Amino acid sequence: MSDQPQAGRRQALKFLAGAPLLPLGAFSTASLLSACGGSSSAAVPATVTPVAANFIGAEFTAMPAPSLANAAAMATTTVGSTLSVNFSDNSAQAFKLAYQPFFTTGDMVSNGSGGTILAGGYVDINNKPIIDKTVAGKERQFYSDSPDGTSLLSVANPTITGIKGKAVFAVVQFEYTTWAQDEKTDMYGKLPSPIAILTLDQDQATGKLSLVKYYNVDTSKVNGLWITCGASLSPWGTHLSSEEYEPDAFTISSNTQFKAYSANLFGDESKANPYHYGHLPEVTVNPDGTGTIKKHYCMGRISHELIQVMPDNRTALMGDDATNGGIFIFVADKEKDLSSGSLYVAKISSGFSIDPAAAGAALTWIKLGSATSTEIEAMANTLKPADIMEVATTDPKDASFNKIFYSGKVQWIKIKPGMEKAAAFLETHRYASMVGGSMALTKLEGTTVNAKDKIAYSALQNMQASMVRGNAAWNEAYGVTIEKVVTAGAVLAHTLTGGQKDTAGAAINSEWVPTQTKALLVGEDYLDAAGKLAPDTLGNTANPDKVANPDNLKFSEKLRTLFIGEDSSQHVNNFLWAYNVDTKKLSRLASMPSGAESTGLSVVDDLNGWTYITSNFQHAGDWLSPLHSNVQSTLDPLVRANYKNRFAAAVGYLTADVTSLKLAKA
């Protein structure tokens, strides 16, 4: 409660300048006013000088995991959490959180020119709709059920007409679609990923965001996009996308998935070049709500999941969602320009542990090379895999070959003369393994940074295969060994330091280099006496009150909170979590529809005075056995009713409950 009740109403208005405010409905403004000891009609004595109250902290209160006692809550995005914002005068304001979608995919939404466009719709290299013909008489344009990386941003001097508040923008990418209409034809990775710019009208009284324009970015000049997963907002306001699971160029002739992708994109199953995919796309939003895209070929061709550019505008820590993946950083030559720079892979020393109480392991860095995007793109355009290296899957008994671990298996490679740079940037996984990088991690996903403490975070969706002693993909020399599988995964914390040198003794031109890694949060598998996963009564094979299979990560500097989205095959419902790095409190904020993954996570501390947490989901009702065996019969009809027979998914954000009060009237 306020210690100066007589100044309540003025203080309430002062609070709004310094507090992080979630949008919609003035966030229970009445409770804020009463907490300050006043009301909207209370007179303020003229002799009192209001004292400004500053934001000092915030705390989330968790919601319980939904159950079949309320089946409807398991079949949609359910939010039952609260946020309490604390001020320097000992007052507090509580927000009851809720979810607000911009649209569900498959909706016809405004194109900003008086017409409509299909949200999440797929187009070919000529920007023509790609048609699903798997059900005769019901032909329609494919649209995604898997929206993912989202960035919320503003640009200088927007030129959008018809805006009542302020124009802000969101960039949304669509990773894939799960099934064709026949629900039998697997479409994963067979369609070119769309990426859209949303123009949003931000109500200045409530913070509410309303979609006014949907624009499909033309990706034809970058040869289309391949499986765009997580994303981040660069410090200079661009959307940093991803291309996950880079197609193996050496086996491309037998890759039916990639052939289907090429056929859908180009109309020719042999036209797509695998070396054009597995890179880092960057989208720039224009003031009129359109945008442009480019790919950075010099950041390594890996399983790009999500990158985080550090506050220096040059150093990027990258996720690598692969088996036998590594920790990579890229240091750009110039600030705010990722088109040239140096690529490094980490070597993990002894001491790696998944015990959060352990000291952790030191990281040193092997330089893979320096390059420009232009020169590597030229190589991608002209080189064939056999021009770069020889690859053997059985031991050639030839000392000129190097044994490596690649995608869960042992291979032997030999670099062709003069092809080291091409190998480093186009066959990055193989080359990094050859030169001694610790290619031991499994599904290293989202990354983010806590700039104040100089700590970066990375999500390991699970810890298995190449990390586990004795596995065929495990190599003790990589420095990463755990004694048993931890399917529920972990979040790693990396200490960031300056003044570092690479393993060759050359200076690394960055003050944001990871130098130590340790476990921050570890999931808890439910195991039987034999050590095998054992479900609870609902079906969870990991503790639902702990994070399982972390994927998306974002950090809020103001809230001092790490946000974690799950991609779990162990929780019957996937969750969005908040972890306060100071109090160590973990809070469940939201539950996704059963069978869906939590995606599209981003956090903006201050966008015209408001704070936003974006959140999407993917593939609702994607039932797994035995995980969903106890719930599928009950939930499947509900999910189908909510999300266009399971073909749709929501793109939106966490907000506060709507009220009739608005700040402009306070």
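1. Which residues is Trp365 in contact with, leaving aside its neighbours within four places in sequence? They are Ile327, Phe328, Ile329, Tyr344, Val345, Ala346, Asp502, Thr503, Ile508, Val513 and Pro514. Contact means heavy atoms within 4.5 Å.

2. A note on the model. This is a predicted model, where local features need pLDDT of at least 70, side-chain atom pairs count only at pLDDT 80 or more, and totals for chains, interfaces and linings use all residues. Residues are numbered from 1 along each chain as its sequence is written, and side-chain values use heavy atoms, with hydrogens and water left out.

3. Trp365 belongs to the largest nonpolar core, which has 71 residues. Met299, Phe328 and Trp365 touch the most other members. Apart from this core lies another, of 43 residues, including Ala75, Val79, Leu83 and Val603. A nonpolar core is a set of buried Ala, Val, Leu, Ile, Met, Phe, Trp, Tyr and Cys residues joined through side-chain atoms within 4.5 Å. Buried means under 20% relative accessible area, exposed over 50%, and partly exposed in between (1.4 Å probe, protein chains only).

4. The whole structure holds 2 cavities of 30 Å³ or more. On a 1 Å grid over the protein atoms alone, a cavity is a set of points where a 1.4 Å probe fits but cannot get out; a pocket is an open set with protein on both sides within 12 Å along at least five of seven lines; lining residues have an atom within 4 Å of a point. Points are joined across faces, edges and corners, and a volume is the space filled by probe spheres set on the points.

5. The largest cavity has about 120 Å³ of space. Its lining has 16 residues, with Val123, Ser193, Pro194, Val217 and Thr219 closest to the centre. By class, 8 are nonpolar, 6 polar and 2 charged. Ala, Val, Leu, Ile, Met, Phe, Trp, Tyr, Cys and Pro count as nonpolar, Asp, Glu, Lys and Arg as charged, and the others, Gly among them, as polar.

6. The second largest cavity has a volume of about 80 Å³. Among its lining residues are Asp145, Thr177, Trp179, His619 and Arg646. The lining divides into 3 nonpolar, 5 polar and 4 charged residues.

7. Thr177 lies in the loop between β10 and β11 (195-202); strands (E, at least two residues) are DSSP runs, numbered from the N terminus. Thr177 counts as buried because its relative accessibility is 2%. Its side chain reaches the backbone oxygen of Tyr143 at 3.1 Å.

8. Next, the open spaces. The largest pocket has a volume of about 580 Å³. It is lined by 24 residues, and Leu233, Ser234, Gln308, Phe555 and Val603 lie nearest its centre. Strand β33 gives the most to this lining, with 5 residues. The classes are 11 nonpolar, 9 polar and 4 charged.

9. The second largest pocket holds about 440 Å³ of space. Of its 29 lining residues, Tyr176, Gln461, Asp567, Glu597 and His619 are closest to the centre. Strands β10 (166-176) and β25 each supply at least two lining residues. This lining has 7 nonpolar, 12 polar and 10 charged residues.

10. Strand β10 also holds Ala167. Ala167 counts as buried because its relative accessibility is 11%. Beyond four places in sequence, Ala167 is in contact with Pro158, Ile160 and Leu200.

Methods. Helix = DSSP H or I, 4+ residues; strand = E, 2+ residues; numbered from the N terminus. Polar contact = N/O pair within 3.5 Å; in protein donor to acceptor, adjacent residues only side chain to side chain.
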